[in-house]
Amino acid sequence: MDSPPSSVRTVILGRCDVSKLLDMPTCIEAVERAFLSHSRGETISPALLGTHVEGGGFHVKTAGMFDADAGHPVFAAKMNANFPGNPDQNGLPTIQGVLALFDAANGRLLALIDSIEITILRTAAATAVAAKYLAPEMARVALCGCGEQGRSQLRALACVRTVEHVTAIDINEKRAARFAVEMAAELHVDIAVAREPAEARRDINVWVTCTSSHHWFLGREHVAPGSFVAAVGADNPAKQELEPEVLAENVVVADILDQCATIGDLHHAIEAGVMRREDVRAELADIVAGTKVGRHSAEEIIIFDSTGTALQDVAAAAVVYHRAIATGTGTTIELGQLPEHPLGG
């Protein structure tokens, strides 16, 4: 029997495949395009489903967008498990999951992609896009959370801003020290280590929080006028990194407003009664499109509430898919193939 045409086959890509196919600058560019498309109403609106279990949780994020390289829309559904204790307790990654990429014109399953690397890169890419429009050009960074996402966040920032120095903050001092040594060598920047925000240098003007904290630790007293804050860790209603008043008293830009009001640090500010949804200045898509101005003055403190949207996932996955097809990377299978029936069966 002839093998099925490639047009009905599905590409399977592991994490190593993704790391070879997707670099940070390309991911930043793809994510920026996705937010621009969203501002123009050219996307399939993102959606979210989440559930909690002991020690962690699961979420499903979906969205779609027009894929210029393919000439038709694509749709992504990503299911991630998030277990913050995994690295120390089980020797497993915090994030594990799979992303399914579909042709949104006919429903064909184009690819099944390990989601770890895409999640790490696209999350940091969104911070870089926001920083490009909202952060000071000369960045003096305090990074809270020195895991894999912290490393990716710093790499992404370095793509769009001049990083003058970094303070690495983590409750695990050994992890922070290792981060400082390795990232300083990689990015050729001085990196100090601190245990908490109060120990950071007074001249910090870019804060990035990417932890699994369930109670705020970054308060009003820590953030200087003119700073940019990327709040990345709160991706479910139980997580919180910022004092509610930090949001209420300053400018907030949401990645996706509905999502931030449900699961982000904005959610906690609304619950505390110090802020309303209407107080948010803009979504990131508005800033990228130029339909709203993010920073009105050099003294404003701007909070980017980054809960992570499947717009980022579908943009990154489309790049990975096309590069996989072009290079012959991955394994192809036909999931929908029916068994052969004997003659007369």
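Throughout these legends, a residue counts as buried when its relative accessible area is under 20%, as exposed when it is over 50%, and as partly exposed in between, with a 1.4 Å probe and protein chains only. This is a predicted model, in which local features need pLDDT of at least 70 and side-chain atom pairs count only at pLDDT 80 or more, whereas totals for chains, interfaces and linings use all residues. Residues are numbered from 1 along each chain as its sequence is written, and side-chain values use heavy atoms, with hydrogens and water left out.

**View 1. The whole chain.** Buried residues make up 52% of the 345 residues in the chain. The chain has 11 helices and 17 strands, where helices (H or I, at least four residues) and strands (E, at least two) are DSSP runs numbered from the N terminus. Its radius of gyration, taken over C-alpha atoms, is 21 Å, close to the 20 Å that the globule rule gives for 345 residues, so the chain is as compact as a globular protein of that length; the rule itself is 2.2 Å times the number of residues to the power 0.38. Along the principal axes, the C-alpha atoms fill a box of roughly 80 × 45 × 40 Å.

**View 2. The nonpolar cores and Ile191.** A nonpolar core is a set of buried Ala, Val, Leu, Ile, Met, Phe, Trp, Tyr and Cys residues joined through side-chain atoms within 4.5 Å. The largest such core has 71 residues, and those with the most contacts inside it are Leu101, Ile113, Ile191 and Phe228. Helix α4 (residues 116–134) gives the most to this core, contributing 10 residues. Apart from it lies another core, of 25 residues, which includes Ala254, Leu266, Met275 and Ile303. With contact taken as heavy atoms within 4.5 Å, and residues up to four places away in sequence not counted, Ile191 touches Leu154, Val166, Ala168, Phe179, Ala180, Met183 and Ala184.

**View 3. Ser152 in helix α5.** Ser152 lies in helix α5 (residues 148–160) and, at 2% relative accessibility, counts as buried. Leaving aside neighbours within four places in sequence, Ser152 is in contact with Met24, Ile120, Leu121 and Ala124.

**View 4. The salt bridge between Arg281 and Glu300.** A salt bridge is a side-chain nitrogen of Lys or Arg within 4 Å of a carboxyl oxygen of Asp or Glu, and by this rule the count comes to 22. In the bridge between Arg281 and Glu300, the closest N and O atoms are 2.9 Å apart. Arg281 lies in the loop between α9 (265–271) and β15 (282–283) and Glu300 in the loop between α10 (284–289) and β16 (302–305), so the pair ties together parts that are 19 residues apart in sequence. Arg281 is partly exposed at 22% relative accessibility, whereas Glu300 is buried at 15%.

**View 5. The network around Asp203.** Salt bridges that share partners join Arg140, Glu164, Arg201 and Asp203 into one network. Within this group, the side chains of Asp203 and Arg201 meet at 3.0 Å, N to O. Asp203 is partly exposed at 28% relative accessibility, and Arg201 is also partly exposed, with 42%.

**View 6. The backbone at His188.** Most residues other than glycine have a negative phi. His188 has a positive phi of about 55° although it is not a glycine. This residue, His188, is found in the loop between α6 (173–187) and β9 (190–194) and is exposed, with a relative accessible area of 72%.
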